[in-house]
Amino acid sequence: MLFKESAIEVGAQAENKADAIRKVGALLVKSGNIEPGYVDSMMAREEVANTFLGNGISIPHGIPKDRDLIKQTGVAVLQLPQGVEWNEGEIAHLVVGIAAKSDEHLTVLSNLTDVLGDADEAARLATTDDAGEIAQRLSGGQLSPSEETPEDYDEGFDFTVTSPHGLHARPATALVDIAKVFDANVRVRNGNKAGDAKSLIGLLKLGIDNGTTIRVSAEGTDAIKALAAIQTALEEGLEDEDEAQAEAANVPISRANKVQYEGQTITGISASPGIAIGSVTTFRRGRIVVEEKAHQDVSAEQERLNSALASSKDELSTLYRDMLNKSGAAKAAIFKAQTEFLDDPEMLRDARALIAKGHSAGWSWQQTYEGHAAALSAMQDEILSARALDLRDVGRRLLKLLADKVEDDPELPDSPIILLADDLTPSDTAGLDPKFVLGLCTASGGPTSHTAIIARSLDIPAVVSAGSNILSMSDGATVILDGSAGVLVIQPTRNDNAQAEEAFKAHQRQVIADRLACYQPAIMTDGERIEVVANIGSVDEAKSAVEAGGEGVGLLRTEFQFLQRDTEPSEAEQYEACSAMMKALNGLPMIVRTLDIGGDKDVPYLPMPQEMNPFLGVRGIRLCLQREDLFRTQLRAILRASSQGPIRIMYPMIATMEELLAAKAITEEVRLEVGAGPIEIGMMIEIPSAVMMAEDFAKEVDFFSIGTNDLTQYALAVDRMHPQLAKMADGLHPSVLRLIRKTVEAADAAGIWVGACGGIAGDPMGAVILSGLGVKELSVSIPAIAAVKAKVRTVSMDGARDLAARALACTKASDVRALV
């Protein structure tokens, strides 16, 4: 974009940050970009966010809710050769005021992040007396041959983007995932700006909107294959943003009567329903201190960065598993997606370049992630702004490991309060305890933000985008937070409190009713019963499963006992864990799946050969039979614990009769060694070969459990984590349903029962179809128990069988899903 001559002032002076913001705001007003009131919005932004990028550059801009004060997108520059203190220890020389009505300003933000990596370039722009030079540089003008846009690679194609949201967020992430599969350099160009297709940051900075024609080119061994895969993905439609919008649309609405408040209210956006009454506490982050100069030589600083990256990935992996067990895969994916930033080649390249110039690893990483995050957060697109919060979250996580000092890192509340914040990162929100956090209110964010999604999963009332005024409230003030109405009542009257109390009680009565219903068995309208049990991985989850209405445990993932540690768990440790779970279940049955390591689950202290395709290699029962020492230790622990309650053993990934008979023989030997009584033995049906031999297998086991996720990917030859093909891995595909029917028929003939665990068991529609196919037990994630039970109670077995028959007659998964 081009700058107006009046929008750049060189050689200026400012008394302080506020004066600088007013002056750059005046330039935007003079240029016809904003109403004067938007300057106040720019000032308010400073209260809730840090707009200092580094290398003397700051980018003040307003709060999203005030965009109606923007007449047209524009950028103004106030050059302050003498500088002004922006924050403690941060001196700004180049103040770039941004009024973002659309995404036309992305070029400027992209060029700013380029300047951030070059201290000499930043210093030159801070002292030049030529306003045209600043305009040229920030407009993408070429100042030296080294800054010219990279040329396209020889092989490539043009494509016009037709997605309503352009190549933003999710579609960009999907494109990155595809590009990474291939041994090739892949470049995407939008006009005179180009980015690495394997870098999410690189793609987002291009600002590719609907209708934009891009050039995708590649070089290297797999160049042709990469281009073909990307072109196909673009033509078929990459992941779009509709999922996030649907997530916002699915915010449950409280059934309590809405309250008309008399006191002063602040209106935001409803993010999670419910009412909270209590005193407020403002969440303030601590200061992470890093020295600019390196303490060691360049190679040592690079190694510090490598080590911190590895540790951060481990932390995110732990968070992912915790959230997976607590709230399911959709919520856990937030933390899996954050790992993408730690692998981003452009960010790593920028950070390493700064380290190579003699800067410390901490300072280099801070400059890199803050610069890119500021660029994303200033974009018009709400979903991209949410990605900026993710980047800051993971950026701070890594920075703490590189810091010279972390000052006053905030502690999460340990007494009941209503928490106020600018915004909370996914990591912050996931660590909140609903016993102490009665409600959340954030100045920024939106109903599709990860913060809102996690708040809903934790059942914490939440209001977002309430504006910066909430941050000026005194800690201890009593308020009413109405998550259903999306308001914060900051001066409630006596009548407000009385009405809110009644609404709160009504909401609690409904919550209690829902919880009580979860303990009722899943009995169909004609009296048929389906058992609904839980998938768990720990003692705490065993307790949660019972509290959620689970009728037992259909899948104990024992591999969780082996992860996130340096050595394998001892027999005593495994026995204690298994015994504690049985105690928590208080007589309810538990199916223990033996160790299922391999495929997507890697244990560093169990050395395994590199495999071309680990999902077709040594995993599940194959590993147990190869490492019989591990297998026998685990079996001893399980069989010893079986004296304390109804435990069943289940083998994973059985493909052949030889595997089953070998596993059974070892189990029997161990049972006799420890003196345990007879125990039921089952096997998972996850491989098509097991389905085809189900009649034979059924004679050797007491039950089958269908692992719908793996059965789907093996039946359809689709990696369910593949960025382009994953949407094909639908467990309701007719081919998968026909395999399930064949399994049930074999089990019925042998007089054994069939359970199912996996994605479609926890899908209410899938639960009905599985019931109609003859599955007797559904093992689901803990949060899904009540919903699955409720759905089963609404149908008859005849109705379920009719739905299953119609599903079996379909030829596409989409046709099955269209039945209801």
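Student: Which residue of strand 5 stands opposite A76?
Tutor: G97 stands opposite A76 in strand 5, where a strand is a DSSP run of E with at least two residues, a helix is a run of H or I with at least four, and both are numbered from the N terminus. This is a predicted model, in which local features need a pLDDT of at least 70 and side-chain atom pairs count only at 80 or more, while totals for chains, interfaces and linings use all residues. Residues are numbered from 1 along each chain as its sequence is written, and side-chain values use heavy atoms, with hydrogens and water left out.

Student: How do you know that strand 4 and strand 5 pair, and in which sense?
Tutor: Two strands pair if DSSP finds at least two bridges between them; strand 4 (residues 74–87) and strand 5 (residues 90–99) have nine, in the antiparallel sense, so they meet the definition. Q79, for instance, stands opposite L94, and the two strands form a hairpin with two residues between them, where G89 in the turn has a positive phi of about 80°.

Student: How do you know that strand 1 pairs with strand 4?
Tutor: Two bridges join these strands, which run parallel, and two is enough under the rule of at least two. The bridge partner of I8 in strand 4 is V77.

Student: Why is S360 called buried?
Tutor: S360 has a relative accessible area of 2%, and because the limit is under 20%, it counts as buried. This residue is found in the loop between helix 12 (345–356) and helix 13 (361–377), and, leaving aside neighbours within four places in sequence, S360 is in contact (heavy atoms within 4.5 Å) with E291, E292, K293, A294, E301 and I355.

Student: How do you know how helix 12 compares with its expected span?
Tutor: The expected span is 1.5 Å times one less than the number of residues; helix 12 has 12 residues and reaches 16 Å from its first C-alpha to its last, close to the 16 Å expected.

How values were computed. Buried < 20%, exposed > 50% of the residue type's maximum accessible area, 1.4 Å probe, protein only.
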